[in-house]
Amino acid sequence: MGVGMSERLRAGNILIYGAEGASEALECMLKGCSFGVERINTKEELSERFSEEETALLLFDFQTEAGNDAAALGLLADLRKECSKPLIAIVDRGREMLRILALNAGADDLLDSECSAMESLARIQAQIRCYQRLTGKEHTCSMKLDDLEVDDNAKLVLVKGNRVNLTPTEYKILHLLMKEPGRVLSNKQIYESIWKMAPIGADNTVAVHIRHIREKIEENPQEPRYLHVVWGQGYKVG
């Protein structure tokens, strides 16, 4: 049930501050719901990344600042002043006072090691859903080009009203291109945006995914109507 609920959300990136903040099972579940999962290990990255448009929620693990609760609370409070996006603190259940202080500092909810991956996912989805409802972002994520439609709320791709089943990576590439119809994005730009790493072997990797997308959305992939290659430059829709 928790995974299904995510279909009504605008997915984005889940940031995890700390190496121990989330189980592998939870990470797999989040990725299965089309969320990106990124671990942030330095304070310097936190402020900028938390405020990014694609960030959906931050998991703030107090173990990252073990032995310095005051510093961790101060950092959490600063983040809350800078950005209103959902923030969930991870604090051991036995540390009642620290849990209270974390909530007072601006955390929207709490997780701990006793929470199952399913419960953690449900709490994350609930916070994102609440934020999107309050900000009105849950209704502004449908893009259409002729008979091609991408509904980012439901994570659906439709061609002439018929659903097209893309892999999560294929969906992200098409969504990226659909956000700016007519704009040419290079292999490097697509790779860095989707895979979040240096574009080593980007040309072949992106080309393979583009070919698969074309095979699924185009009536004739050899004469594409929607997804075009601009030789020597990259790809565009429209």
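Me: What is a salt bridge, and which residues are linked in a network of them?
Reply: A salt bridge is a side-chain nitrogen of Lys or Arg within 4 Å of a carboxyl oxygen of Asp or Glu. In this predicted model, Arg-93, Arg-99, Asp-112 and Glu-114 are joined in a network of such bridges. A search of the whole structure gives 16 salt bridges.

Me: What makes the pair Asp-147 and Arg-225 a salt bridge?
Reply: The N to O distance between the side chains of Asp-147 and Arg-225 is 3.3 Å. The limit is 4 Å, so the pair qualifies as a salt bridge. This pair links distant parts of the chain, 78 residues apart. Asp-147 lies in the loop between strand E6 (142-145) and strand E7 (148-151), while Arg-225 lies in the loop between helix H9 (202-217) and strand E10 (227-230).

Me: Why is Asp-147 called partly exposed, and why is Arg-225?
Reply: Partly exposed residues fall between the buried limit, under 20% relative accessible area, and the exposed limit, over 50%. Asp-147 has 31% relative accessibility and therefore counts as partly exposed. Arg-225, at 43%, therefore counts as partly exposed as well.

Me: How do you know that Lys-216 forms a salt bridge with Glu-170?
Reply: The closest N and O atoms of Lys-216 and Glu-170 are 2.8 Å apart. That value is within 4 Å, so the pair meets the definition. The two residues come from distant parts of the chain, 46 residues apart: Lys-216 is in helix H9 and Glu-170 is in helix H7 (residues 168-178).

Me: Why are helices H4 and H5 called roughly parallel?
Reply: Helix H4 (residues 69-82) and helix H5 (residues 96-105) pack at an angle of about 25°, with their axes 9 Å apart. Angles under 35 degrees count as roughly parallel, so this description applies to H4 and H5. Their contact is made by Asp-69, Leu-73, Leu-76, Ala-77 and Arg-80 of H4, together with Leu-98, Leu-101, Ala-102 and Ala-105 of H5. By class, 7 of these residues are nonpolar, 2 are charged and none is polar. The crossing of the two helices is right-handed.

Me: How do you know that H3 is roughly parallel to H4?
Reply: The axes of helix H3 (residues 43-50) and H4 cross at roughly 25° and come within 10 Å. The angle is under 35 degrees, and H3 is therefore roughly parallel to H4. H3 passes H4 in a right-handed crossing. In this contact, Lys-43, Leu-46, Ser-47 and Phe-50 of H3 meet Leu-75, Leu-79, Arg-80 and Glu-82 of H4. By class, the contact has 4 nonpolar, 1 polar and 3 charged residues.

Me: How many helices and strands does the protein have?
Reply: The protein has 9 helices and 11 strands. Of its 238 residues, 47% are buried.

Notes
Residues numbered from 1 in each chain as written. Predicted model: local features only at pLDDT ≥ 70, side-chain atom pairs only at ≥ 80, totals over all residues. Heavy atoms only, no water. Axes fitted to C-alpha atoms, helices over the stretch in contact; angles between N-to-C directions. Helix = DSSP H or I, 4+ residues; strand = E, 2+ residues; numbered from the N terminus. Parallel < 35°, antiparallel > 145°, perpendicular 65-115°, else oblique. Left-handed = near helix turned anticlockwise from the far one by under 90°. Contact = heavy atoms within 4.5 Å. Nonpolar A, V, L, I, M, F, W, Y, C, P; charged D, E, K, R; others polar. Buried < 20%, exposed > 50% of the residue type's maximum accessible area, 1.4 Å probe, protein only.
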